[in-house]
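Welcome! Take a moment to look over the sequence and the model, then read on for a short tour.

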Amino acid sequence: MKKLALFVSFAAILMVGCKEDDPIVPEIICDTDIVNVPVAGTEDEDIFVTFTSNVNWTASIKENAAWVSVSPASGTSADGRVKLIVLPTEENDPREATLVLAADTAVKEIKVVQAQVDAFSLAETSAEVGEEGGNVDIKAMTNIEWTVTIPSDCDWVSLVNVKAYGEAVKTVKVEPYDELDGYREVTLTVSAGGQESDFTISQYGPVSCPW
């Protein structure tokens, strides 16, 4: 009976030892959902995306965008890091692409966003208003935030509203001017992205008769 018990125990050990390992469930983990790239691209700095994977992986750019690439294109579970190679941009709008990390059936998509080149210019730099006053539109071609500053000692010009339809427009209101043969002028400061431009408003009062 002891020999039989030993044989059964030994057989059980063999059965446990021959049990198949659980299949590996592919997994890829990355805490990054978006990578922001400067206007200059990666000329001045290296940009990496780090992740972990329990199986071999591949990396690619979903849109096949010509301005961004990734290296290396594949790797093993022991090495989870890729480098983004991004060209400089001259676009006035941000551009986007998608980095795809794939580990068998596991997929992680990461948005790559390159900043825009700031653009700003005034359509006109001055306006003349009659004695009756009225609204003056200050028009700019821009893709960045901008402001109009009225000198604190000017009480006859005020900011009315902000509109946007293709080109950016800010409207100021000029009060009527009843000084006979009078003339007044004010220079507004238009600021955008660290640069400043002047916008001059001039107004004439009613003209007296020369006879």
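## A buried aromatic pair

F51 is buried, with a relative accessible area of 4% (buried means under 20%, exposed over 50% and partly exposed in between, using a 1.4 Å probe and protein chains only). W57 is buried as well, at 2% relative accessibility.

This is a predicted model, in which local features need pLDDT of at least 70, side-chain atom pairs count only at pLDDT 80 or more, and totals for chains, interfaces and linings use all residues. Residues are numbered from 1 along each chain as its sequence is written, and side-chain values use heavy atoms, leaving out hydrogens and water.

## Rings that meet

The structure holds three aromatic pairs (rings of Phe, Tyr and Trp, the last by its six-membered ring, with centres within 6.5 Å; planes under 30 degrees apart are stacked, over 60 edge-to-face, the rest tilted). One of them joins F51 and W57: the ring centres are 4.9 Å apart and the planes stand at 85 degrees, so the pair is edge-to-face.

In another, F120 and W146 have ring centres 5.7 Å apart and planes at 55 degrees, so this pair is tilted. It links distant parts of the chain, with F120 in strand β11 and W146 in strand β14, 26 residues apart (strands are DSSP runs of E, at least two residues, numbered from the N terminus). Both F120 and W146 are buried.

## Charges over rings

K170 lies over the face of W146, 4.7 Å from the ring centre (NZ of Lys or CZ of Arg must be within 6 Å of the centre and within 35 degrees of the ring normal). R81 lies over the face of F48, at 3.8 Å from the ring centre.

Definitions and conventions. Helices (H or I, at least four residues) and strands (E, at least two) are DSSP runs, numbered from the N terminus.
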